[in-house]
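Welcome! Take a moment to look over the sequence and the 3D picture, and then we will walk through them together.

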Amino acid sequence: MPAAKDLPNNLNSMTCAQLKDLLKLRDLPVSGKKAELIKRLEDYTGRTKPSKKWQNSQAKKDLKKALLDPNHVFHRMTADAIHNSDEKYKQYPLFPEYLAQMKERVAEEKRQAKDDDRRAEEHNFHFPRSEINKRGYPYWDLSEAKQWLEVDVANGLHKKMTPKELRAKRPHVYAPFPPKVFSASACRGIKAEGSWVLGRQKEQNSNEEVFAKCACEGKCSLGFVRTSMFVWR
């Protein structure tokens, strides 16, 4: 593992790609502008590269999960306290160094995610999505139909009516969506017990997908999958 004293003296004259190579050798984040890369290298203290045992450990996964949670108690604890908080951490003598690296990595991922969200918002602002998709009907996730379906499900209509019947109940809202699309979207939006499940009726010659109602015990008259597989998107 290269130490801080092994850094070249000409960091300012190096390219970003060369600086990132040096950062990778030291297991440091590689994002940012050139000045940030140089500072990260200059602040480097020659920490030991994590062992393969740590890299593939459950302890590392659990630590990252904890640090990603802004309300986790680890954010209010010292490195030594975290190290001694669990046997899975105690087995790593270099844990405080691993913790420091993980904190940097998590912070970098959060900054990157925030930057990605900002760029996505800018893209959507400059290139707004049309109301109609390429197949000729509205996008379900932003449609009035999705909102009305949530109301109908809350009122329990999905337990009393088939998708075809429900679609006919609000033609001014649901009609823009073809029967198959409405049925599939409705099925994805339902997680209550005793709701619809998707299947094909073998006896029917047409290609239309048919839904059946399930009893509350989860038994389907057509023998298809339970509705617990379908959750809100």
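How many helices and strands does the protein chain have? The protein chain has 11 helices and 2 strands, where helices (H or I, at least four residues) and strands (E, at least two) are DSSP runs numbered from the N terminus. Read from the N terminus, the order is α-α-α-α-α-α-α-α-α-α-α-β-β.

This is a predicted model, in which local features need pLDDT of at least 70 and side-chain atom pairs count only at pLDDT 80 or more, while totals for chains, interfaces and linings use all residues. Residues are numbered from 1 along each chain as its sequence is written, and side-chain values use heavy atoms, with hydrogens and water left out.

Of the 233 residues in the protein chain, 32% count as buried; buried means under 20% relative accessible area, exposed over 50%, and partly exposed in between (1.4 Å probe, protein chains only).

Now let us visit helix H8. Its residues 144-154 include the buried Ala 145, Leu 149, Asp 152 and Val 153. Seen down the axis of H8, these buried residues fall within an arc of 95°, so they line one face of the helix; the arc is that of the directions from the helix axis to the C-beta atoms. On the face turned away from the buried side of H8 sit the exposed residues Gln 147 and Ala 154.

The buried residues of H8 pack against these helices:

| Helix | Residues |
|---|---|
| H9 | 163-169 |
| H10 | 171-174 |
| H11 | 179-188 |

Just after H8, Gly 156 takes a positive phi of about 80°.

Notes. Contact = heavy atoms within 4.5 Å.
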